[in-house]
Structures are given as C-alpha cells and as structure tokens.
Amino acid sequence: MPKNQQEPHKIQAWSLINRKYLGQGVRVKRFRRPKRSQIRNRVLLAILMARDMKLSRLAEELSVSSRSVSAWVYEGRIPSRTNLDKVCRLLGYPSHILFNEALLRQSPIVCQPTPSRFMKRTIAHSPQSNAILTGLCMVYDFSVTDVSIWIGVHPGTFRKWLHQCHLPTPALQEKAENFFRIPRHILFADCELH
C-alpha cells in the first residue's frame, strides 16, 4: 500500500468520529405546502395561480426580494406605497382588491362539505376571464363542479362566471360571497374591470 494513502479502517474510524460530532445532517424540503390557514392574502395568491406566475417571478419583475412577496401572501403584509403601485400596475387590479385590509385581518377558512380536486384541464382548455374566482378554486383545490353544487347553481352557470366573466344576479353573488367568504365586489371584480 502506498505511503500517501491511509488504511481503510482509519478512514472508517474518522468517519464515525465525524458523524458523532457533526451529526447526520438535516433534510429540509425544498418547497413547503402551505396550509389553508397560512394563506393570509387569498386574492393575490388566486390571481398569481390563475396566471401561472410564481412568487419568485413576481418578485423578480417587481425588483423586490422573494421573501417580501411571500410575506404579502402568507403573512398578510401590505407593501410599501412604491411596491403597492408596482404590483397594481403589473397585475392590473386596484389596491383595494389586491390588499383588502379587512380580508387580510380575517383570513377565514372555507368549509368544504366533501373533498374535491381542481382539474388542471379547466385552465388548459378553457379561457378564464375571472382570474380571481378561478384562482380561488385553484388555491383551495376545488373542482368547478363541486363548487357549483355547494353554492347551489348549475355547473354550466358557474363555468360562465369563470370563462365568460358573466356577472350573476345579486342573489347568486351573495351565495358565492357566503361560500368563499370574500366580498362580491372582489370576487367579481374581473367582470366589472374588463
């Protein structure tokens, strides 16, 4: 055995010593899956999900840290005036819709009667005109059919709200508002803005 190469048993001994002092290491998941109660700004996250825009991309386009954007979504923080104007301009919504202080304080959890799964093909094959309502279905992982049944409307009617930005009657707006626990002027903002 050459002089510059150590004996195998000495390497194993050093390995055991290092393991004892250094530990096994910590495995941290790369992405955390937030619980529903951790999302404070559901409207902002819904718009980003409907547009397939990651938080890091939004941070990059606004020239802010991704930690700041995460704080806006998960902690309910309101950005500085400059950043607020940038976000509103980029996403095309007024600040009272993106950062509604009453919603950020409450952050209620939607109570779904049964488990449901959002179908990705809803976005892939159909245009979505109501990004907030579509995004909320994505945030909560609700299928369009299940939500329509829970609200008490025909699935075709609910799809018109999503894809054609059809503004429902005040009675149906109230049903959607009660289910999602978001004021109707925010839920159907896309219908009024576009």
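The model is predicted, and from the N terminus onward its elements read α-α-α-α-α-α-α-α-α-α-α-α-α-α.

Begin with the whole chain, coloured by confidence. The mean pLDDT of the protein is 81, with 75% of the residues reaching 70 or more. Select residues 81-91 next: this is helix α5, where confidence is highest, at a mean of 94. Then select residues 121-125, helix α8, where confidence is lowest, at a mean of 55. Where pLDDT is low, the predicted coordinates should not be read in detail.

Return to the whole chain and colour by burial. The protein has 194 residues, of which 41% count as buried. If contacts are displayed, consider those with a separation of 6 or more: residues 24 or more positions apart account for 68% of them.

The crossing of the pair is right-handed.

On α3, select Leu55, Ser56, Leu58, Ala59 and Leu62. On α4, their counterparts are Ser66, Val69, Ser70, Trp72, Val73 and Tyr74. Colouring this contact by residue class gives 8 nonpolar residues, 3 polar and no charged.

How values were computed: Residues numbered from 1 in each chain as written. Predicted model: local features only at pLDDT ≥ 70, side-chain atom pairs only at ≥ 80, totals over all residues. Heavy atoms only, no water. Left-handed = near helix turned anticlockwise from the far one by under 90°. Helix = DSSP H or I, 4+ residues; strand = E, 2+ residues; numbered from the N terminus. Contact = heavy atoms within 4.5 Å. Nonpolar A, V, L, I, M, F, W, Y, C, P; charged D, E, K, R; others polar. pLDDT = per-residue confidence, 0-100. Buried < 20%, exposed > 50% of the residue type's maximum accessible area, 1.4 Å probe, protein only.
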